[in-house]
Amino acid sequence: MSVSFTVNGVSHTLDVEGEMPLLWALRNELGLNGTKFGCGVAACGACTVHVNGEAMRSCSTPVSSVDGAAITTIEGLAAAHGAAEKLAPIQAAWIEHQVPQCGYCQSGMLMAVSALLSENPNPSDAEIDETITNVCRCGTYPRIRAAIHSLSNA
Amino acid sequence: MTIIEKLKNPTRRQLIVAGGLATGGLLLGYAFSGPSRQTLANRAASGEGEQMMATWIKISPDNTVTVYVPHSDMGQGVITALAMMAAEEMEADWSLVRPEQAPAETAFANENLGLNFTDGVNIPRLLQGVTDAAFVKLSQFMSLQVTGGSSSVRFTGEHGMRPAGAAAKDMLIRAAANRWGVPASECTAKLSHVTHPSGKSATFAELASDAAELSPPSTPVLKAKSDYTIVGKPIPRADIPAKVDGTAVYGVDIRQPGQLYAAVRLAPTFGSEVVSYDAEPILARRGVKKIVPIPGGVAVVADNFWRAKEAAAALDITFDTKGNEKLSMASLYAEHDAAIAADDSNEDVEKGDVATGLANAASTKQATYRVPFLAHACMEPMNCTVWIRDGKVDVWVGSQDALGTRARVAEVSGVDFDNVTMHPLLLGGGFGRRIPLRSGFFDFPSEIDFATLIAKEVDAPVQLLYTREDDIQHDAYRIAVTSSFTVGVDEKGMPVAWKNRYTIKDDPDEAAHIPYGVADQSIRYTDSQSIVPRGPWRSVAHTQHTFFNESFIDELAHDAGMDPFEYRRELLKDEPRHLAVLETVAEKAGWGTPLPKGRARGIAIQKSFKTIVAEVAEVSLGADGAVKVHKVTAVVDCGEVINSDTARQQVESGIIFGLTAALYGEITIADGAVEQSNFPDYEMVRMSDVPEIDVHFIESGAEIGGLGEPATPVISAAVANAVFTISGKRVRELPLKNHDLTPKADKLASAAE
């Protein structure tokens with residue numbers, strides 16, 4: 001089927017199977033590799049992107065369901081916060097707190113956290129625990145929490 | 001003796017060579033060979049009992065210093081930490097230092113470098129002009145270093161980066177002294193300049209060409225620690241900016257012209273063979289190009305990974321399980337128990353006379369502990385991209401052993417080693433999983449083997465990617481182990497005879513040993529073969545033995561009616577480093593001070609990779625019996641801290657990695673196959689499980705120890721020991737989630753008293 005959507009403000013029309021997950025459309029059809037494959041079953045969050053501003057796990061989101069949608073990936077996160085900025089505030093906080101280790105899960109983490117903060121600029125620890133269910137095997141969680149609070153308190 | 005002659009001398013332990021760059025810079029190479037830690041990985045990477053390492057430093061005309069680090073960075077910050085060690089000795093201005101992994105495309109830090117000099121073609125651009133023939137010989141002796149065994153800083157850093165930096169400084173100072181006609185002893189190097197009291201000053205870059213003409217010093221003099229200005233500081237990591245904007249390139253991200261994607265369909269039961277499959281409907285699917293048989297399964301190649309994966313899953317295939325379906329955890333543990341009972345064992349530690357010690361003991365205690373298999377579950381599912389064409393092979397992968405990977409690809413492809421180019425990329429986690437080592441190709445083939453076999457059949461670059469299910473069910477696992485203790489104690493309850501029998505000895509050698517002063521010891525192991533692939537897992541054998549030993553010593557403390565901290569303290573009175581770490585963790589954690597109702601502390605200590613770590617976990621139990629870890633205090637003596645922030649990061653990381661294993665980690669076998677498949681049934685610690693972590697370092701000045709692994713093994717015992725104090729239930733088999741720890745009101749009340 002033919003599916004059209006925008007990714008980071010750029011329009012794309014793809015002729016692919018409607019059940020193809022958005023993740024593989026991004027990675028293998030559009031060459032946007034910042035969004036990562038982690039589990040394929042929406043359990044780890046490595047593939048998190050924004051669909052119309054909402055955090056979605058793209059490995060389990062069929063492209064047919066995002067026809068006409070505006071999608072933001074990690075590559076477009078800074079621009080989504082203002083075209084003049086090289087980094088979104090959340091990315092700067094990630095550097096400030098030296099969050100990433102291997103870094104593989106961080107695209108998904110950043111997308112999940114930025115969606116949380118746009119909805120709830122001052123989340124409590126309990127709200128962070130409930131919303132940020134992404135998996136990080138390196139154990140960057142304490143620094144993610146610290147980075148979130150630094151943004152909340154700013 | 002010329003450098004070449006020195007290189008031919010097999011007793012030579014260290015080599016320094018230097019040459020000028022056409023552009024006016026300096027390139028200095030430093031090589032060291034030394035005794036190997038006893039690991040499979042190191043034995044594979046170099047000759048038995050010896051490992052080699054090469055360090056390269058470049059000074060460019062713009063006065064920047066590039067430090068090429070022969071290690072993979074899988075998140076441990078090693079590229080930054082090692083560059084700091086070189087820059088410190090060199091007196092470089094850190095703002096002008098560029099830490100880099102030894103370049104991928106030119107196989108920089110290995111013998112390809114030498115070949116490039118020999119035939120004069122394909123010389124890496126940055127090396128053009130370096131004509132010193134010594135490089136040819138030197139580079140033939142070099143290999144990319146395996147990243148494992150927490151060895152980067154303590155081996156490459158200590159024996160490579162520091163002397164290389166010091167040698168560069170020595171040559172730059174002598175170049176300045178010659179130019180100015182003054183004694184070298186009057187010149188000082190600082191912040192990438194050499195100065196003389198007369199007011200003369202030159203940048204490193206201005207001196208580089210002259211320095212390249214000088215002979216390197218044979219024994220570079222290192223700085224006093226008190227003069228450090230870079231080492232020990234929380235320097236930000238060089239790799240982080242690319243990891244927050246999606247530009248970092250992992251193995252899974254590589255794209256080549258015309259690239260295809262492969263997914264596998266592997267028999268769930270280990271050791272199976274393919275009987276038949278129905279290719280026709282699969283080949284008719286959109287985008288599917290080919291089906292390639294591989295050992296124990298098939299691969300489907302398509303123009304999009306999702307198409308390949310869906311096609312592989314849809315394939316109608318029949319396997320012969322070859323009798324391996326009989327393997328289960330029950331059969332495996334029955335074998336363990338039989339082997340231990342038969343005591344047909346091999347010596348690990350024999351000290352004193354344990355039989356007499358047990359006979360004379362006031363009482364004895366017996367306990368058997370177990371741990372299950374564990375998968376690594378790196379966030380980046382296993383992958384490998386291979387392109388075979390014109391008698392040459394290119395391989396792109398994130399690996400903990402670039403040279404071993406290259407050798408393996410050469411072997412499997414049948415292409416000469418010299419015609420295999422390895423392009424190392426970032427690793428989305430390693431933890432021991434990404435060492436391309438199996439005890440025999442057809443026993444335990446890896447994704448690297450599969451990718452190579454597939455590429456042989458396809459006229460295009462092919463990226464093999466595992467699904468998470470493939471990754472969990474076809475890992476090289478931390479082994480399942482059984483350990484049985486019979487320990488005799490004196491009338492005060494202190495151990496006097498320590499008898500321990502366990503299954504399967506793994507690296508490192510000393511993992512099962514105890515630091516405690518027990519006169520009579522007999523620690524022995526039995527062999528136990530299994531078809532389940534086995535591999536190193538963060539901290540390797542320390543993961544199991546620290547849980548066993550530190551839980552059992554806790555049992556003895558409680559039996560003796562003693563505080564577990566005081567009990568260990570008494571037993572460690574002749575081990576000053578251990579004692580300092582133990583006492584500091586007790587102090588920092590407030591050991592013995594009141595806690596909120598329903599909470600308790602547990603303590604454990606282990607020395608691994610020359611680093612001593614003690615941890616105190618503060619734990620409570622939920623109404624459903626779920627273990628909640630509130631706080632972990634860790635004290636670490638790694639001798640010396642290189643980067644205070646990345647060091648802390650590794651301890652946090654190690655604790656959380658170990659906590660996943662303690663709470664949830666369990667790979668079980670039924671019908672010869674792994675029962676778990678993905679994160680829903682192979683659970684991970686997430687944000688809501690993470691305790692507050694308080695890390696303290698003791699810089700004892702002891703020999704520098706590793707940091708990537710030592711925090712991991714301690715946490716399981718610390719948590720299980722706290723669980724005992726709260727619940728009265730002694731957990732002798734991980735993970736904790738399998739135990740009914742539902743608190744009883746009376747126990748909660750007594751724990752809180």
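Biologist: Take Cys384(B) first. Which residue is its bridge partner in β19(B)?

Modeller: Leu464(B) is the partner. Keep in mind that this is a predicted model. Now step back to the strands. β16(B) and β19, residues 462-465 of chain B, are joined by four bridges. These two strands run antiparallel.

Biologist: What is the sense of the pairing between β16(B) and β17?

Modeller: Antiparallel again, for β17 at residues 392-397 of chain B, and here there are five bridges. One facing pair is Ile388(B) and Val393(B).

Biologist: How many residues lie between the strands in the hairpin of β16(B) and β17(B)?

Modeller: Two. Asp390(B) has a positive phi, near 50°.

Biologist: How should I picture side chains along such a strand?

Modeller: Start from the general rule. In a regular strand, side chains alternate between the two faces of the sheet.

Biologist: Now a sheet. What is the strand order in the open sheet that includes β23 and β28 of chain B?

Modeller: Read it as β23-β24-β25-β28 in chain B, four strands with mixed pairing. To find the edges, look for strands that pair on one side only. Here those are β23 (599-608) and β28 (692-697) of chain B.

Biologist: How many bridges link β23(B) and β24?

Modeller: Ten, written 10 bridges, in the antiparallel sense, with β24 spanning residues 611-621 of chain B. For a landmark, find Arg599(B), which faces Ser620(B) in β24(B).

Biologist: What order do β6, β7 and β8 of chain B take in their sheet?

Modeller: The order is β6-β7-β8, an open sheet of three strands with antiparallel pairing. β6 (188-190) and β8 (201-203) of chain B stand at the edges. Each has a single partner strand, so one side of each is left without a neighbour in the sheet. From one strand to the next, the twist averages 25°.

Biologist: Which residue stands opposite Lys190(B) in β7(B)?

Modeller: His193(B) does. That pair belongs to the contact of β6(B) with β7, residues 193-195 of chain B, where three bridges join antiparallel strands.

Biologist: Which helix packs on this sheet?

Modeller: α7, residues 204-212 of chain B, and the strands touched are β7 and β8 of chain B. The directions of α7 and β8(B) make an angle of about 80°.

Biologist: What about chain B overall: how many helices and strands are there?

Modeller: Chain B has 20 helices and 28 strands. Of its 753 residues, 57% count as buried. Sequence separation is the next thing to read. Among contacts in chain B with a separation of 6 or more, 76% come from residues 24 or more positions apart.

Biologist: Turn to chain A. In what order do its elements run from the N terminus?

Modeller: β-β-α-β-β-β-α-α-α-α-α. That gives six helices and five strands. The C-alpha atoms fill a box of roughly 45 × 35 × 25 Å along the principal axes.

Biologist: What radius of gyration does chain A have, and what would a compact globule give?

Modeller: Chain A has 15 Å, and a compact globule of 154 residues would have a value near 15 Å, so the two agree. Burial covers 57% of the 154 residues. In chain A, 60% of contacts between residues at least 6 apart in sequence join residues at least 24 apart.

Biologist: Let us end on one residue. Where does Met20(A) sit?

Modeller: In the loop between β2 (10-15) and α1 (22-29) of chain A.

Biologist: Is Met20(A) buried or exposed?

Modeller: Count its neighbours. The cut-off for buried is 20 or more C-beta atoms within 10 Å. Met20(A) has 21, so it counts as buried. The C-alpha atoms of Met20(A) and Thr61(A) are 8.1 Å apart, with 41 residues separating the two along the chain.

Technical notes
Residues are numbered from 1 along each chain as its sequence is written. Chains are lettered from A and ligands numbered from 1 in the order in which they are written. This is a predicted model: local features need pLDDT of at least 70, side-chain atom pairs count only at pLDDT 80 or more; totals for chains, interfaces and linings use all residues. A residue is buried if 20 or more other C-beta atoms lie within 10 Å of its own, exposed if 12 or fewer, and partly exposed in between; C-beta atoms are placed from the backbone. Two residues are in contact if their C-beta atoms, placed from the backbone, lie within 7 Å. Two strands pair if DSSP finds at least two bridges between them. The radius of gyration is taken over C-alpha atoms; the globule rule is 2.2 Å times the number of residues to the power 0.38. Axes are lines fitted to C-alpha atoms, for helices over the stretch in contact, and angles run from 0 to 180 degrees between N-to-C directions.
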